[in-house]
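Work through the exercises below with the structure open. Try each task before reading its solution.

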Amino acid sequence: MSAGARGLRGHILISHTHWDHIQGIPFFAPLFVPGNEWDIYGPKGLGQSLREALAGQMQYTYFPVTLDQCGAKIRYHDLVEGTFDIDDIKVSTHYLNHPALTFGYRLEADGVAVVYASDHEPHSRMLATGHGEITGQDLRHAEFVNRADLLIHDAQFTAEEYPAKIGWGHSTVEYVVKLSKYAEVKRVALTHHDPLRDDDAIDRLLASIRARLRENASSLDVFAAVEGQVVEVAPSHEKGSACRAGEFQAQTPIEPALAESSVLLGIVDTKMAAALSEVIRAEGIHVEFFSDLDEARKLIAKDRPSLAILEHDPPRIDGMETCRAIRQQDNDYEHQLPVVMVASQEDQAPGAAAGVTDWLIKPFTGAYARTKIRAWVLRTACQWMRGLIPEDEERRLARPPVHVQQRRRAGARARGSRPMPQKGTEKRRSLENVISTDKSALLWMYCREIAPFETPTFSKKVGELIARATSTPPQKREISASKLGH
Ligand SMILES: [Zn+2]
Ligand SMILES: [Zn+2]
């Protein structure tokens, strides 16, 4: 800009839209110059888009220029967990643990890997103190940063400060050092410094970390990120060390799979059940409750929830047993159903054996629960989409969605498993069949469709369903391959 450059082209990767991460955008001059082109990337939410979130801080009340009045051409990319390319750079995204949906980004090019992971709190509270084993979701995080040549990581607190900062969504320096050593990271830049720590305090912190590393003869290079700093990275590892969240395309539109998302709640504590269901409904997601295993099994088989949240509070409530029973159900889908266990502490080993995917440790804030639920619902939707996407990427994009679904079903039959009820059109068709044939299923439908039990919605839905059940004959919507325009 200072050299008078025009036609600037650039990409901005945003971890999340908390203010401390986006407040520079309204003051970023290259966005105001006509002829410039910018691509802005961030995690896809369930309601608001990235553009809407960014535009929010530039409304009339807060800023004289709206986002749409910026002179540059700006393209917004709402991403899910996966990979995509920016020119010859491979970018992988991974959800972090923070009270807002947040991405870590892994960039790979020319045999070098750089990972940016902020803001992030270790999933295990024990790990935040620098002790304990790296397992479960913390292990996924370690795999994501694995063998990075440069890791830029949230390190706002120290282990000593952490007990007063649980649930704030940030890491401790002790955890970051442990993680970096475990994941064989070459250099780590500590960042997101606590605003209450001045430069001298950061230097002292750094000196003590380096002294400890020297004692242990560790080759890890730790430094504190400084504004305006330029770091050059040279390749240090053999190729092929990258770990990704699969090779799913991070820009895949997953709306069809999100459309009918629901969350299954097995929470005995009525206060917590109410709080969680409020959080889930705020995301526009259906909530279903179950009180016994039979009910849970039926709901899982019929409704294909995106996520199950169970409570574990021994000896009163044995969530592990419920989880084991859900996993035992002879159904392929169950292996994909994420189960989040609400407990006062993690029980990693027995949890993993029982099939627990993730933990929500009490006490937690609504924002934390909401983010965890968002991440898992989005991950499940991606999994559904993954099943729908044929290998041939280019041809896929040219096809209408119905064709893709047809292919998926044909594939399922060929593998000899029963076809998974599809979200969207196909699900609607199956519901119509249900309505015309089975009264008990019709009742189940009422409960499913009218989950929020809001009176006007309730009566309207019931009216619609009865009208449909009595007047519409079941429609044949099977589309033969010949009609799909091969
Ligand atoms: Zn944040
Ligand atoms: Zn932050």
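The exercises below concern a predicted model and go from a metal site to the packing of the chain.

**Exercise 1. Determine which residues coordinate the zinc ion (ligand 1), and classify the site.**

Solution. 
1. The coordinating atoms are NE2 of H16, ND1 of H18, NE2 of H98 and OD of D119, at 2.1 to 2.5 Å.
2. Along the chain these donors are spaced as H-x1-H-x79-H-x20-D.
3. The angles among the 4 donor atoms run from 89 to 175°.

**Exercise 2. Find which residue bridges the zinc ion (ligand 1) and the zinc ion (ligand 2), and state what parts of the chain the pair H16 and D119 ties together.**

Solution. 
1. The bridging residue is D119, and the two zinc ions lie 3.4 Å apart.
2. H16 sits in the loop between strand 1 (9–13) and helix 1 (19–22), while D119 sits in the loop between strand 7 (112–117) and helix 3 (125–128), so the pair links parts that are 103 residues apart in sequence.

**Exercise 3. Is H16 buried or exposed, and what does its side chain contact?**

Solution. 
1. H16 has a relative accessible area of 1%. The cut-off for buried is under 20%, so H16 is buried.
2. D119 is buried as well.
3. The H16 side chain makes polar contacts with the side chains of H98, at 3.3 Å, and D119, at 3.2 Å.
4. Beyond four places in sequence, the contacts of H16 include H21, I22, A100, L101, T102 and S118.

**Exercise 4. Identify the buried residues of helix 10 (residues 319–328), what they pack against, and which residue caps the N-terminal end.**

Solution. 
1. The buried residues are G319, M320, C323, A325, I326 and R327.
2. They pack against helix 9 (293–303), strand 13 (307–311), strand 14 (339–343), helix 11 (348–354) and strand 15 (358–361).
3. The cap is D318, with a side-chain oxygen 3.2 Å from the backbone nitrogen of M320.

Note on methods
Residues are numbered from 1 along each chain as its sequence is written. Chains are lettered from A and ligands numbered from 1 in the order in which they are written. This is a predicted model: local features need pLDDT of at least 70, side-chain atom pairs count only at pLDDT 80 or more; totals for chains, interfaces and linings use all residues. Side-chain values use heavy atoms; hydrogens and water are left out. Donors are N, O and S atoms within 2.8 Å of the metal (3.2 Å for Na, K and Ca); water is not among the atoms, so sites may look incomplete. Four donors count as tetrahedral if all angles lie between 85 and 135 degrees; four count as square planar and six as octahedral if opposite donors are over 155 degrees apart and all others between 65 and 115; anything else is irregular. Helices (H or I, at least four residues) and strands (E, at least two) are DSSP runs, numbered from the N terminus. Buried means under 20% relative accessible area, exposed over 50%, partly exposed in between (1.4 Å probe, protein chains only). Contact means heavy atoms within 4.5 Å. A polar contact is a pair of N or O atoms within 3.5 Å; within protein, one must be able to donate a hydrogen and the other to accept it, and residues adjacent in sequence count only if both atoms are side-chain atoms.
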